[in-house]
Amino acid sequence: MRAAEIVETGRPPVVADRKAPAPGDGEVLVDVLAAPITPLDLLCATGTSYFGAPATPYVPGVQGVGTHGGRTVWFPTRAGMAPGDGSMAEVASVPEASLVELPDGADPVQLAALGLSAVAAHMALTWRGGLTAGEQVIVLGAGGIVGQAAVQLARTAGARRVIAGARSPAARERAVAAGADAAVALDTGDVDELARRFAAAADGRPVDLVLDPLFGVPAAAAARTLRSGGRLVNLGGSAGETCPIESALLRGKSLRLLGYTNNELTGGQLAESIGYVAAQAASGRLAVAHETVPLADAEAAWRRQGEGTATGRIVLTPRPGG
C-alpha cells in the first residue's frame, strides 16, 4: 500500500510503498478515505512534543475517516504520541472500539477537516463552558479551524450574539462567513485598545462566555468584557503562554477561568461529540475552510500546512478519485 512516512523527525513525510498493516488484538483494518494534516501531527513529527520523540519511520495522522464493514467511520490514532502508525495511508489498523460510525450524507473530507478541532470547539463551548441559549459569546482565533467551528456551533446552541476575534483580514472574513455578528481585529498588543474594540462589538451588553485558543493579550482584553460570573475557557496558547489578567478583575467579577483539552474526554464523550459534529456537517450547518490533496503530494502539502500558506486544513485522500 501507499503511505506517507516520517523517516526523520523535523522533516516532512515522504510517500512510499509499505506492507499493509496486520491488525492486533481488538483491531480492525479501515480503508482510509480522508486524513487531515493537523497541528498535532506537525508537532509530534518535530520530535519536540511533550510525548517525546517518536520512533521512526512511522505513518503520521492522528485521525481519519474511512470505511470498515460497509460503514463510513471516523477514527483516532496515537501516531506520533505512542508506537504505531496513523491515518495517512491507504489502510490503517485501529482499535475497533474507537470507531465512530458516521451518519448517511456525511462528507468524508469535510468530516476529516472538522474532526478533533470541531470536537474541541463543541465540548469547550458546551460541556466545559456551559453555553446556554441567549448568551453572548466571544470566539478568539475565529479564523482558524477551531474558531470557525466554534462560531457556527455557538449559533447552533442558541447564542444571541457571536463576536469573533482574529488577527488578519482574511481570518476575520472567514469568521464572518461562518456567522459571526462582528469581527474584532487582533492586530495590536495594547490590552486597553483591544478591550475597547470588544466592548464596542458587544452591542453595549456584557459577554457571558469567551472561547480562547490564544491566551496572552487577546484573552486579557476579552476577559474585561465578561459579566459578573462570566466564563473564559482556554484551549490553547498561540498568542502567549502567560496572560495579563488583573487579579482585581477576577475577584471583582468572580470570573471563572477554565482549561480544556480533548484528552480529558471519555471514549463515550468523544464518540457523542463526533456524532454531533457529523450530523451538523451533514445538515449543512457546519463547515470549515479546507483543501483536498492526493496522498501522493503529502510532502508538499505538509510543508504548506506547517508554513501557514494553505487556504485551510489540508486533507489527504489516499485513494485514486478520493
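**Reading helices and a strand residue**

Mentor: Let's start with A183, which sits in strand β10 (residues 182-185); strands (E, at least two residues) and helices (H or I, at least four) are DSSP runs numbered from the N terminus. This is a predicted model, where local features need pLDDT of at least 70, side-chain atom pairs count only at pLDDT 80 or more, and totals for chains, interfaces and linings use all residues. Residues are numbered from 1 along each chain as its sequence is written, and side-chain values use heavy atoms, leaving out hydrogens and water.

Trainee: Is A183 buried, exposed or partly exposed?

Mentor: Buried means under 20% relative accessible area, exposed over 50%, and partly exposed in between (1.4 Å probe, protein chains only). A183 has 33%, so A183 is partly exposed.

Trainee: How do I describe two packed helices?

Mentor: Use the angle between their axes and the distance between the axes. Axes are lines fitted to C-alpha atoms, for helices over the stretch in contact, and angles run from 0 to 180 degrees between N-to-C directions. Here, the axes of α3 (residues 145-156) and α4 (residues 169-178) come within 9 Å and cross at roughly 25°. That makes α3 roughly parallel to α4 (angles under 35 degrees count as roughly parallel).

Trainee: Which residues make the contact?

Mentor: Contact means heavy atoms within 4.5 Å. Q148, V151 and Q152 of α3 meet R174, A175 and A178 of α4.

Trainee: Which residues of helix α9 are buried?

Mentor: In α9 (residues 298-307), they are A298, A301, W302 and Q305. These cover an arc of only 105° around the axis, so they lie on the same side of α9; the arc is that of the directions from the helix axis to the C-beta atoms.

Methods
Parallel < 35°, antiparallel > 145°, perpendicular 65-115°, else oblique.
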